[in-house]
Amino acid sequence: MASYGKHKDELLKRLRRIEGQIRGVQRMVEQEKYCVDILVQIAAARAALDRVGLILLEDHTRGCVARALGSGDGESAIEELTEVMKRFLK
């Protein structure tokens, strides 16, 4: 089971909401809405996607990384976590 299994339903709900936000932004562009209004909606979608990422990152750390540390494979788990955080924080 994936380390985010206990949050799967919550994550899917959030992702569906983000999908709706993105469709809304697309409609706004199609309807030539005011630029600032579109930018505000994009910022909201990005913040929501960041929240999903943080939930996944926490679950990965508490699940996969913790298991790796317990099994003696901590160095590679820490290296992988560091790399994924670098990508996530870009």
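This briefing covers helix packing, the nonpolar core and selected residues of one structure. The model is predicted: local features need pLDDT of at least 70, side-chain atom pairs count only at pLDDT 80 or more, and totals for chains, interfaces and linings use all residues. Residues are numbered from 1 along each chain as its sequence is written, and side-chain values use heavy atoms, with hydrogens and water left out. H1 and H2 are roughly antiparallel to each other, and H2 is also roughly antiparallel to H3.

**Terms**

- Helices (H or I, at least four residues) and strands (E, at least two) are DSSP runs, numbered from the N terminus.
- Contact means heavy atoms within 4.5 Å.
- Buried means under 20% relative accessible area, exposed means over 50%, and partly exposed is in between (1.4 Å probe, protein chains only).
- Two packed helices are described by the angle between their axes and the distance between the axes.
- Axes are lines fitted to C-alpha atoms, for helices over the stretch in contact, and angles run from 0 to 180 degrees between N-to-C directions.
- Angles under 35 degrees count as roughly parallel, over 145 as roughly antiparallel, 65 to 115 as roughly perpendicular and the rest as oblique.

**H1 against H2**

- Helix H1 spans residues 8–30 and packs on H2 at an angle of about 160°, with the axes 10 Å apart.
- The crossing of H1 past H2 is left-handed (the near helix is turned anticlockwise from the far one by less than a right angle; clockwise would be right-handed).
- On the H1 side, the contact includes Leu 11, Leu 15, Ile 18, Ile 22 and Val 25.
- On the H2 side, Ile 38, Ala 45, Leu 49, Val 52 and Ile 55 are among the contact residues.
- The contact residues divide into 16 nonpolar, two polar and four charged (Ala, Val, Leu, Ile, Met, Phe, Trp, Tyr, Cys and Pro count as nonpolar, Asp, Glu, Lys and Arg as charged, and the others, Gly among them, as polar).

- Val 52 is found in helix H2 and is buried, at 4% relative accessibility.
- Beyond its neighbours within four places in sequence, Val 52 touches Leu 11, Arg 14, Leu 15 and Ile 18.
- Val 52 and Lys 33 are 19 residues apart in sequence and 28 Å apart in space, C-alpha to C-alpha.
- Ile 38 also belongs to H2 and is buried, with a relative accessible area of 12%.
- Sequence neighbours within four places aside, Ile 38 is in contact with Val 25, Met 28, Val 29 and Lys 33.
- Ile 38 and Lys 6 are 32 residues apart along the chain, and their C-alpha atoms are separated by 34 Å.
- Arg 17 sits in helix H1 and counts as partly exposed, at 47% relative accessibility.

**The loop between H1 and H2**

- Glu 32 lies in this loop and is exposed, at 70% relative accessibility.
- Phi of Glu 32 is near 55°, a positive value in a residue other than glycine.

**H2 against H3**

- The axes of H2 and H3 come within 9 Å and cross at roughly 170°.
- That angle makes the two helices, H2 and H3, roughly antiparallel.
- H2 brings Gly 53, Leu 57, His 60, Val 65 and Ala 68, among others, to the contact.
- H3 residues in the contact include Gly 74, Ala 77, Glu 80, Leu 81 and Phe 88.
- By class, the contact residues are eleven nonpolar, four polar and two charged.

- The largest nonpolar core has five residues: Leu 57, Val 65, Ala 68, Ala 77 and Leu 81.
- Helix H2 (35–70) and helix H3 (74–88) each give two or more residues to this core, and H2 supplies the largest share, three residues.
- Such a core is a set of buried Ala, Val, Leu, Ile, Met, Phe, Trp, Tyr and Cys residues joined through side-chain atoms within 4.5 Å.
- Leaving aside neighbours within four places in sequence, Ala 68 contacts Asp 73, Gly 74 and Ala 77.
- His 60 is placed in H2 and is buried, at 18% relative accessibility.
- Gly 53 lies in H2 and is buried, at 14% relative accessibility.
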